[in-house]
Amino acid sequence: MIKISVNGEMKEVQENLNIQALLKTLNYTKEGFALAVNTSFIAIKNYSITIIKEGDKIDILAPVQGG
Amino acid sequence: MWEIGGKKLNSRLLIGSALYPSPANMEEAIKVSGSQIVTVALRRQSAGEGSGGNFWKIIKSLGIEVLPNTAGCHSAKEAVTTAQMAREVFGTNWIKLEVIGDQYNLQPDPFETVKSAEILIKEGFEVFPYTTDDLVVAKRLADVGCKIIMPWGSMIGSGKGLMNKDNLIAIRKQFPELKLIIDAGIGKPSDATQAMELGYDGVLLNSAIALAQDPIKMADAFRLAIESGRLGYQAGVMQKREFASPSTPTVGTPFWHQFD
């Protein structure tokens, strides 16, 4: 198991998960969000080839009101 | 009709989607405002919430242009990443670039704003940069390829109107070819009219409508104010004079007499 941060919350997940598998583990099943790892954007097309590592900081963002 | 970011639009009001008393009120206010560009944002989402919930459905149903912002970013790196994420979620290359340099007055950081604008333009974004009324910063933004510049009227959410008209006039004079939008600080409809009378191409506001006692009525007031200011600008305002000049004809004045 490795420790990562998801939207500021610490989580323990299995090693060698790609983003696709990570999202499934975290129950992110709906569409309409975008994701960054360590403040770098990861496009949907790269989810399957991006492996999560110990200490990674994941941000998952969705639309909200804004000015 | 006017053109901004490759789109031909009628309305020169860009409206925010935050701070309304309710989603229904927001929807109605946006419709009544006649605005064809609405600003939105991205924030952390918990599992199971699903694509911003009802909010995003309402915005999509309006069928108008969406302008995502990078609100809350404090560095070029954060702003660029947020813009990239917004492009994927909202399906637009438009980005309202906000890089905050001071938490007290939410003043934009000119250095990080210019830096991120340059990167984003190279990546194919249409950048709408929020900046101060500093002419040199506007020049730097134009130098890196910005076709749109959005100087503040005054601090975000302050409602203080146009703090420094002389600077805004200077920017308009220096950049006749750029699209200039007053972004932030508008409090009342006459502030927006003044911005338009200065020759600005549009006004972006949120709090002034959303925090009004009746946001829907205020949306209508801003629609009219912006149209009025634009017409006034096009019509050409008369020159100010240092002396009085009667508008009623003096020929045939009754009881006329020569002053001693």
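Predicted model: local features only at pLDDT ≥ 70, side-chain atom pairs only at ≥ 80, totals over all residues.
Local features are reported only at pLDDT of at least 70 and side-chain atom pairs only at pLDDT 80 or more, while totals for chains, interfaces and linings use all residues. Residues are numbered from 1 along each chain as its sequence is written, and chains are lettered from A in the order in which they are written.

**Chain B overall**

- Chain B has nine helices and 12 strands, where helices (H or I, at least four residues) and strands (E, at least two) are DSSP runs numbered from the N terminus.
- The C-alpha trace of chain B spans about 85 × 40 × 35 Å along its principal axes.
- Of the 260 residues of chain B, 45% count as buried, a residue being buried if 20 or more other C-beta atoms, placed from the backbone, lie within 10 Å of its own.

**Helix packing in chain B**

- Helix α1 (residues 23-33) of chain B and helix α2 (residues 53-62) of chain B have axes that come within 11 Å and cross at roughly 20 degrees, with axes fitted to C-alpha atoms over the stretch in contact and angles running from 0 to 180 degrees between N-to-C directions.
- α1(B) and α2(B) are therefore roughly parallel to each other, the term used for angles under 35 degrees.
- In this pair, P23(B), E27(B) and I30(B) of α1(B) meet N54(B), F55(B), I58(B) and L62(B) of α2(B), two residues being in contact if their C-beta atoms, placed from the backbone, lie within 7 Å.
- The axes of α3(B) and helix α4 (residues 110-122) of chain B come within 9 Å and cross at roughly 40 degrees.
- A76(B), A79(B), V80(B) and A83(B) in α3(B) meet residues of α4(B), among them I119(B) and L120(B).

**Contact with chain A**

- On the two sides of the contact, 29 residues of chain B touch 24 residues of chain A.
- β4 (37-44), α2 and α3 (76-90) of chain B each supply at least two residues of the side that touches chain A, and the largest share, seven residues, comes from α3(B).
- Strand β5 (residues 57-65) of chain A pairs with β4(B) in the antiparallel sense over five bridges, given that two strands pair if DSSP finds at least two bridges between them.
- Within β4(B), R44(B) is the bridge partner of L61(A).

How values were computed
Parallel < 35°, antiparallel > 145°, perpendicular 65-115°, else oblique. Buried ≥ 20, exposed ≤ 12 C-beta atoms within 10 Å, placed from the backbone.
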